[in-house]
Amino acid sequence: MTPMTLLWMILLPAVSAVALILIPKTVKRIREALALLSAAVSLYLGFALFAAKDLVWSANWLGAGIKMELRLYQFSAFILLGLAGILFLITLYSVAKMKDHPRIREYYAYLFLSAALAFGAVLADNFVPLVFFWEGLLITLYALISLGGKTAHRTATKAFIISGFCDFAMILGIGIVWSLSGTMTISQVSLKPEGPAALAFILMMIGAIGKAGAMPFHTWIPDAAIDAPVTFMALMPGAFEKLLGIYLLVRIALDIFKLEPGSGLSLLMMVVGAGTIVLAVMMALIQKDLKRLLSYHAVSQVGYMILGIGTALPIGIAGGIFHMINNVIYKSGLFLSAGSVEHRAGTTELRKLGGLAKEMPFTAIGFSVCALAISGLWPLNGFVSKEMIFHSAVESGSVIFAVAAWVGAIFTFASFLKAGHSIFFAPRSEERAPGKVKDSPAAMLVPILILALLCIVFGVFNKLPLSNFIQPVVQAQAEAGEHLDFTTHALALFNPIAGISMACLLLALGLHAYGFKRGGRKAYLVSEPIHQAPFFKQMYDGAEKKFFDLYEQGVKFLRGLSWVLFKGIDRPIDAFFEKGVTAVGSGFTGILRKAHNGHYANYLAWGLGGLVVIVALISILLK
Amino acid sequence: MSHETITLLTVFVPIIGSLTIPLAGLISKAARTAWAVALGAATTLLAMSLLPQALAGGETVVRKNLILGLDFILLIDPLSIFMACTSSFIGFLIIIYSIGYVHHEENQNEYFLLVVLFIGSMMGLVFSGNLIFLYLFWEIIAICCWRLIGFYRLKEHVQKADKAFLVTFFGAVVMLLGFIVIYGQTGSFDLTAMRGTEIPGTAVLLILFGMFSKSATVPLHTWLPDAGVAPTTVTALLHAAVLVKIGVYAFARLFVYGFQLPDAWLAALPWIVVISSLIAAAAATVETDFKRILAYSTVSQIGYIFLGFAVMTEAGVTGSLLYILMHGLAKAGLFLCAGIVIHATHKHDIRQMGGLFKTMPLTALAFLFCAFSVIGIPPFGGFFSKFLVIMGTVKAGLVAAAAVALFTAILTMFYLLRTFSQVFLGEVKTPGHEGTRSMVAVVAILAVLSLVAGLLITYPATLAEVTTAHIMGWLK
C-alpha cells in the first residue's frame, strides 16, 4: 500500500461515477457489472487500507498552508471500511431494486459520487479538503432526493438548505480554530474549548450533528422517507451521514478540542443527545408508514451516540462509536427490508399490509433481527452498545440522561412491535391487492441477511469489533499507561443497569398488548392511546402542522426578514433616487427656466449684473 | 514582442478596433460580426499572453511623460494582468453569445462597437497607473454602458439608462474630487509614486462614492437592478465581466495596493459591505423578476469581494481575487441562462415559469451549476473564493461580520434554489424551447468552467497567490 492508494480510494468511485453516467441507458448489464465491480474494488481497498493503518499523502493545493492532506489511521481506516461495506451492499441491492428506475444512470452516478466524497471527507487531514468533500455531499444529497418523484425537489431543497446551514456553521468554527491555532492541518490542532474556542466547538459540533441528523436539524429526513428512493434512505441518513457525522463529532471532542467530562459543553451535548432520543422516538411511535417510522428512528438513534460521546468518558465515547456502527448495520438493514416490502407489496403503509411473514419469510427474518437489535434485546449488537451508553450516562452523574435513554428504549421497542406486528404477523389487510406475493429477488435479500447476520455477530462476539475497531481509537486518546477495557461488563446480563433495560423492554411489550386490546385488535392502531392522550395530542398536532420544524419556521423568518430589509431599506433608497433626487433636480431647473423668460430687458439685467461681478473679482485679484 | 508592447496592444486593439466595426458593417453583416468576434478574441489572447509575466511576479511601468502631471502610465503587474484576463475572457464569451441573441435586432453596428469599446476601456482602466487616466476610462465605460442599457430605445428603458448613468457619473465626479484632494496632498496623480501614503478620511469617503456607485453597493445600488431592462448580453457584461468589477478593482488598486487608509475606515469598511451584501440578498429573496433577482444577487456577491479586500488579510485578498473570476464565470452563466429562458418564454416573472427542465435540460443544468458556484458549494469554483473570504474575515478578528456573511450565504442558497425550482421544476406554465446552438454552447462552457475552475483550483489559486503576495508585500 503506497500513500497514493489514498488518492485512488477517492478517485476510483469518482471516475466510476462519470463512466456510469456516460453509459447509454439501453445498455444494462454493463452498467450494473461496472457498478458492482467498482464497489467491490472499493471494499477490497477498504480492507487493504484497514490492514495498512498509517498512511499520509499530501500535495500542494491552494497554497498558504492549505494542502490536500490525506491521512489514514486507526479511526479513519475503520470508518472507511464501514463506508465501503455499505456502498457494496447498497449497490448489490440496487441492481434488483432500481433496475427499472427511469433515471438509473444518474442514480448510479450520484451513488458513487457520494461514496467518493464521503471517502474524501474521512481521509482529509486538513480542514479545507474536509469542507470540500463534506459540503460537496450537499450536491449528491440534493440530486439523489430529487430522483424520487414530482414533489421530491421540495424535500431536496429543504435537505440542502438545512445541511447547508450546518456546513456554514462548521466553516465559521473552522475559521475560528484556524485563527486560534494558526494551522489548517487537523492532526496538529489541539485546543482547550474555552472562550472563542468554545464557540468554535459549538459551531463545529452543529456541523457534525447536523450531518448525523440530530434534532433540530433532522426535519428533512422524514420528508425524504416519503419522497426519495428507499436505497437513498439506507445509504445517506441510514449509513453515510451517521458514519461521517459521528466520526467528525468524535474527532472534534477528542482531537481538535479536549472535551472534559462534566464541563458545560459536555452537558450541552448530553442535553442535545437526550432530547433527540426522546422527542424523535415519540414521533416514530405514532407513524403509520414504515419508511417514516424508520426515518424518525434514524434521528432518535443519533441521540444515543451524541449522549455517549457527550459524557466524554471513555466508555461513553466507545459506546457512542460502537452504537454508530451498529446503527449503520441495523438501520440500513431495516430500510432495505422496507424497500423489499415496498418492492413486492407496493406500499409501506402499515394499514395496507399484514400477513407478509409467510409470503416474504426472508425479509421477515431480516427485518425482525434488525428490529430486535435496534430495540436493544440481549444478545444482539444494539444491546451491547446501548448498555455502554447507559453505563456512561449513569457514571456521568446525571441520572436524568440515563432515564431519557431508557424512555427511548421503551418506545423504540414499542414502535417496532407495532411495525413488525402490522406488516408481517397481523392478518392480511383487506386493502392489500389480491394474490400472494413472492419474496424479493436474491440481490435484495442477500444484503438484508448479511446485515442481520452482522447484528448477531457484533452482539454475540462483541469483543471482536470492540477490541479491533473501537478500543484502539479511544485508547489513542487515553492517558499514557491507562488501560481501557470495554469488553468486561458489556455482555453481563445480570447487573442492575441491564436489568432496568430489560424491564423497559417488558414495559414496551405491556404497552403493545394494552394498545392492541384498546385498538380493536388492529396492530397498526396500538400507539393510538398515547397519540390521543391529553397534552400528547396537542403536541402531535403541532408537529403535524410542522410547527416545530426548524426549517419551516426558519424559512418564514428568512422571508420576513427579507421583506423588512427590502421594504425598509432598499425601497426607500430607491425612492430617494427616483423621487427625491428628481424632484430636487426639476425644482432647480424650474427656477432657471423661470429666469429664461425671453424678455430682452431681463437678459440685459443679467448681463450687466455679471459684468459687475467680473469687474469686482478682477479688481480684488489685482489688488 | 515585449510585454510592454503586448499591453499597449491589449488596450488599443479593442479601443481603436471598435471604431472600425461600423466600417466592417458596410461590407456585410457577417463580416462585421466576425470582425467583432476577432477583436474580442485578440484582446483575450493578448491579455492571456501576459500570464507568464504575472506568474513571475514583479511589475513593469510604462511611462510617457505629458504635461501637467497627466503622464500616461501603464502598470503591468499581476493584479492588472489577472483582472484583464478575467474581464476580456468573459467579455469574449459574451460576444459569442450575442451573435445568437441580437441577430434579429436593429442597430447591431452600434451594439458591437459599444461592446468592444467597453471591453477595451476596461483594459485601459485596468492597466492605468495614473488617476486621471483611470477616471477617463471609467467615464468612457459609463457612456458605453448608458447607450447599451437603453439599447431597445423604449422610453422607460432610456429612463433606466439615464438613472444608471447619472448615479455612476455622480459617483465618478465625487471620486474625481477625491483624486484632487489627493493631488493637493501629494502633488501627483501617479499611483506608483504614492504607495503607502496615508490619505485623509474625506478623500476616502469621496473615492468610495465612485467605487460604490460603480460596483452597485448599498446605498448606491438601485440602478443596477433597474439596468436589467438592457439586452441580457449587456446585463451579463455589466454584472460579470466589466462594469461592477471596476469598483472592486479600483478598491484593490487604490486602497489595498495604494494608499494607507485611516484606521476608522479600516474598521468601518467590512461592516458597510457586509450589510450591503445582506440587504441585497434580502431584496433578491423578495423580488420575482428573473433578472432583478440575479441583479440583486450580484450586489450581494460584490459585498463579499469588497469584504475580502477590506479585511486586508492574505486569505481575504486571495479569496476576493478568486471571487472576481469565479463570480464572473458563474454570474455570466446565470444571466445568459436567464436570457435563454426569457427569449423562449417571453416572460420575466418567475412565477409565470415552471417545468422548463424537460424542454431545456442543458440550460437548466448550466443554471444549476452556476447557482451552486455562486452559493459556494464545492467542488465548484465559487466555494473556494467564498471560503477564503470568510476565513480571511475571521482571521482579521471579525467573527461577527463573518457570521453575517455566512447568513447571507444561506439567503443566497435559499433564493437561488427557489428560483431554480420555480423556473425549471414543477408544472409547466409557459412552454419554451432550448436556445440556439451558440447560446447553449456558451452557457454550457461557463457552467463547465465554473466546475473546472474548482476542480483545478491550484492554477487560478497560484495566480491569485502571486498577486496577493505582490500587493500585500509592501503592507508588511
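A: Let us begin with a term: a charge sits over a ring if NZ of Lys or CZ of Arg is within 6 Å of the ring centre and within 35 degrees of the ring normal. This is a predicted model, in which local features need pLDDT of at least 70 and side-chain atom pairs count only at pLDDT 80 or more, while totals for chains, interfaces and linings use all residues. Residues are numbered from 1 along each chain as its sequence is written, chains are lettered from A in the order in which they are written, and side-chain values use heavy atoms, with hydrogens and water left out.

Q: OK, which ring does the charged end of B:Lys386 sit over?
A: The ring is that of B:Tyr304, and the charged end lies 4.6 Å from its centre. In chain A, the charged end of A:Arg71 is placed over the ring of A:Tyr73, 4.2 Å from the centre.

Q: And is B:Tyr304 buried or exposed?
A: B:Tyr304 counts as buried, at 1% relative accessibility, where buried means under 20% relative accessible area, exposed over 50% and partly exposed in between, with a 1.4 Å probe and protein chains only.

Q: How many aromatic pairs are there over all chains?
A: There are 48, where rings of Phe, Tyr and Trp (its six-membered ring) pair if their centres lie within 6.5 Å, and planes under 30 degrees apart count as stacked, over 60 as edge-to-face and the rest as tilted. One of them joins A:Phe547 and A:Phe548, with centres 5.5 Å apart and planes at 80°, so this pair is edge-to-face. A:Phe547 is exposed at 54% relative accessibility, and A:Phe548 is partly exposed at 46%.

Q: What about B:Tyr304 and B:Tyr323, why is that pair stacked?
A: Their centres are 5.8 Å apart and their planes at 15°, so the pair is stacked. B:Tyr304 belongs to helix α13 (residues 290-311) of chain B and B:Tyr323 to helix α14 (residues 314-345) of chain B, so the pair ties together parts 19 residues apart in sequence. B:Tyr323 is buried as well, with a relative accessible area of 3%.

Q: Switching topic, which residues line the largest cavity?
A: The lining is made up of A:Glu135, A:Phe168, A:Ile171, B:Gly376, B:Phe383, B:Lys386, B:Phe387, B:Ile390 and B:Leu406. Its largest share, four residues, comes from α16(B).

Note on methods:
1 Å grid on protein atoms, 1.4 Å probe; cavity = no way out; pocket = protein on both sides within 12 Å on 5 of 7 lines; lining within 4 Å. Helix = DSSP H or I, 4+ residues; strand = E, 2+ residues; numbered from the N terminus.
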